[in-house]
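Subject: A structure for you to look at

Hi there,

Here is the structure I promised to pass on to you. Please open it next to this message and follow along as you read.

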Amino acid sequence: MGRFRRIMGSDHIAGWAFILPSVVLILLFGLFPIVWGFVLSLQKASLLNPVRPFIGLANYQAIPKDPLTRKAALNTVIYTMMFVPSSIVLALFVASALNRKIRLIRFYRLAVFIPVVASTIATGIMFLWLLDKEFGLANWALGTIGLGPFGFFADPSQALPSLVLMTVWGWLGFDTIVYLAALQGVPQELVEAAAMDGAGRWSTFRHVTLPLLSPATLLLVVWSTISALQLFDEVYFVTKGGPLDSTSVVVYRVFRLAFTSGVPAAGYAAAIAYVLFIVILLFTLAQFWLGNKVVHYQA
Amino acid sequence: MKHRALFAILVVMAMIGVACSGDDDGSSEPTGTTGTSGEPVEITLWHGYGQPGEVNGVENYEADSMKALIDEFNATHESIVVKNVFCCSNDNALQKVTVALQGGQQPDITYQYGTSLPQLANAPGVMDLTERVQDEDFAWDDFFAGSREAGTVDGRVLGVPALIDNLAIVYNEDLFAEANLDVPSADWTWEDFRAAAKALTDPAKKQYGFAFPADASEDTVWHYDAMLWQAGGDILNEDNTEALFNSEAGVKALDTLRDMAVTDQSVYLDLQNSKLDDLFNTGHVGMLITGPWALSGYPDVNYGVQILPSFDGSNHETIAGPDMWVLFDNDEARANAAWEFVKWFTAAQQVETDSMTTGHLPTRQSVLDTTGFIEAFGKKFPGNDVFAENLANVKKARPVLASYDQISQAMGKAIVSVLLGESESQAALDDAANEVNGILAVPQ
């Protein structure tokens, strides 16, 4: 009796009891699909056909030989390399600008955050028209200062940068809010001490503020890299991978193969998704490992 | 930060869990497995017409007609109750059924694009209608040949035509009048079409003679298919073992488009296929090649409809996009009930009622031939009568193959790369043909 009560009364059991519903959901919606996806990746499978013979690692071996998947992988890497640095640097700049006491500051902060909550479809339609080659405001505005016209989404070589532009705009608010919170956690006495030691505004920012922001930066780098590697919504709604596959990314390729290709490619699509999963895992581990060497301050 | 994010994720997942379990409760209600006890058999029908009534101030006649006919059926057939469910947009119908099949939650009747049929051919429970359509009172041969062909996969009838469309010219009458041009006539050639497109193009006014869906999707490809067939070519050989579209006819068809897009610059290439209807409705485009479904999107312009031009002055062949009712065998009583409904719903009388309510082209020849139908139809839906008569210009169907989507993707890319001026017609089509031959060589 005493022993049972001790076990039941321990924090351990109570804790597990509290999270049990979540654990069940995670197992059901998280772990189960992960395991099922792996089994699928070893099969020649169509989602519409119950006959799914095992073919070992053939799906994985087919990946490097598939030009469309290679192109999608390359596009994803290029996109990530453009998206992550530009969104973070821009967010740092905007957050610094918003980290002051001026009139209407709440309005400015709200304005920066609104794109995050705007629906991707609305954002997509707006950018399609804004960046239209013939009818867009962007080309008109650039034209008045003698630039362009640009093809943007209509030009295979400009579509991917246009997509970066659109997604950076869409996610800037989130990064900014994270930086803004971190900036307000920077102890004022350190900034004052630096000023008393004769540091200028730039040196203070560079040598005091920036290092103190490094935990936030690490978080944003990891988070942005993961979401950039998983880019899908914007491609699906706005460019559909085009023109001429110039914006086809890995997850979009997986979707096309699994759901619309008409051939039993669901297993192959699952294999690509698994490779992406492993790449993201390794990237994240590497970033944390690297981050722990650079980040010295805990937020 | 991390914990809070985790917490948020858990809350969201819990909400999803609740939502899902709620769903299960809803669909696991007794659904009338047998008709013996006097209980009516309940069957579910999925369609993509939206909700009946007014949506954003526009009456949704398609959904109204669907509901009215289903209500009529339920009222006149005591042993069957058809549940009318708007499942999803038609673009997502295949995906939705694919997901439903994973959990055994498939409906009894579903609306599908004809091109999705080969993919559904191996789906568990999909009903083989080959024998049923031979019922004498069903009059299977009354459906247009092209749509019967599209409903048949490897000799098995898997779909009953639900809707049929075709492509024709839709033009802006005011822009033709402003430019002092004669509007398209039924004996136009592609030369006439090209000349008019050029004359209607005015960069200063941001006005284009023609707009083309260039997202490399099937929409791009079927526009080209009609021209390919007119020029005497075909997509694949008869056995579906080899690509034929890189023939002389294929190059001729693609060159015609390229001459307009690249040489004349008279074509607005809609690379995302999302803007051309709006541009036409705002008077920026003189001509489109599109189907009857699009007409309701042009309330702000005076438009006319004309059959496609020809290459040789006589062959005005077009292409049809038939959509299908696909049935699932969920048990014998439900399967029989589903067939009984589809048989009633696609009978001539119901087809005519639906056409006169919605403007859908009739799926049956006998309705088209009914005395006075075309006149009444054209009077109520101006322009749709031209599309209805244009059904006579439908001669061929696209290959009914599971790998069709991949073939279409290869062709779509070739077409778009030529229209963007990135490659020559012959080279682009040869590359695509090689790719397609590779796809066809893989046994399905």
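Residues are numbered from 1 along each chain as its sequence is written, and chains are lettered from A and ligands numbered from 1 in the order in which they are written.

**Confidence**

The predictor gives the complex an ipTM of 0.70 and a pTM of 0.78. Two stretches of chain B need care. Over residues 1-7 of chain B pLDDT stays under 50, and the model has one contact beyond four places in sequence for them; here, two residues are in contact if their C-beta atoms, placed from the backbone, lie within 7 Å. Over residues 16-35 of chain B pLDDT also stays under 50, with 13 contacts beyond four places in sequence. Where pLDDT is low, the predicted coordinates should not be read in detail.

**Helices in chain A**

Helices (H or I, at least four residues) and strands (E, at least two) are DSSP runs, numbered from the N terminus. Axes are lines fitted to C-alpha atoms, for helices over the stretch in contact, and angles run from 0 to 180 degrees between N-to-C directions.

Take H4(A) (residues 67-98) and H11(A) (residues 214-229): their axes are 9 Å apart, at an angle of about 150°. The two helices are therefore roughly antiparallel (angles under 35 degrees count as roughly parallel, over 145 as roughly antiparallel, 65 to 115 as roughly perpendicular and the rest as oblique). Among the residues making the contact are Tyr79(A) and Phe83(A) of H4(A) and Leu220(A) and Val221(A) of H11(A). By class, this contact of H4(A) with H11(A) has eight nonpolar, six polar and no charged residues; Ala, Val, Leu, Ile, Met, Phe, Trp, Tyr, Cys and Pro count as nonpolar, Asp, Glu, Lys and Arg as charged, and the others, Gly among them, as polar.

The axes of H2(A) and H14(A) (residues 266-294) come within 7 Å and cross at roughly 120°, which makes H2(A) oblique to H14(A). Gly37(A), Phe38(A), Leu40(A) and Ser41(A) in H2(A) meet residues of H14(A) including Ala270(A) and Tyr274(A). This contact of H2(A) with H14(A) has seven nonpolar, three polar and no charged residues.

**Where the chains meet**

On chain A, 25 residues are in contact with 33 residues of chain B. H2 (11-41), H12 (233-239) and H13 (250-260) of chain A each supply at least two residues of that side of chain A, and H2(A) gives the most, with four. By class, the side of chain A that touches chain B has 16 nonpolar, seven polar and two charged residues.

**The sheet in chain B**

Which order do the five strands of the open sheet in chain B follow? The order is S11-S10-S12-S9-S13, and the pairing is mixed. Two strands pair if DSSP finds at least two bridges between them. S11(B) (267-270) and S13(B) (303-306) stand at the edges, each with a single partner strand, so one side of each has no neighbour in the sheet. The twist averages 25° from one strand to the next. H7(B) (residues 190-200) packs on the sheet, touching S10, S11 and S12 of chain B.

Happy exploring!

Key: This is a predicted model: local features need pLDDT of at least 70, side-chain atom pairs count only at pLDDT 80 or more; totals for chains, interfaces and linings use all residues. pLDDT is the predictor's confidence in each residue, from 0 to 100.
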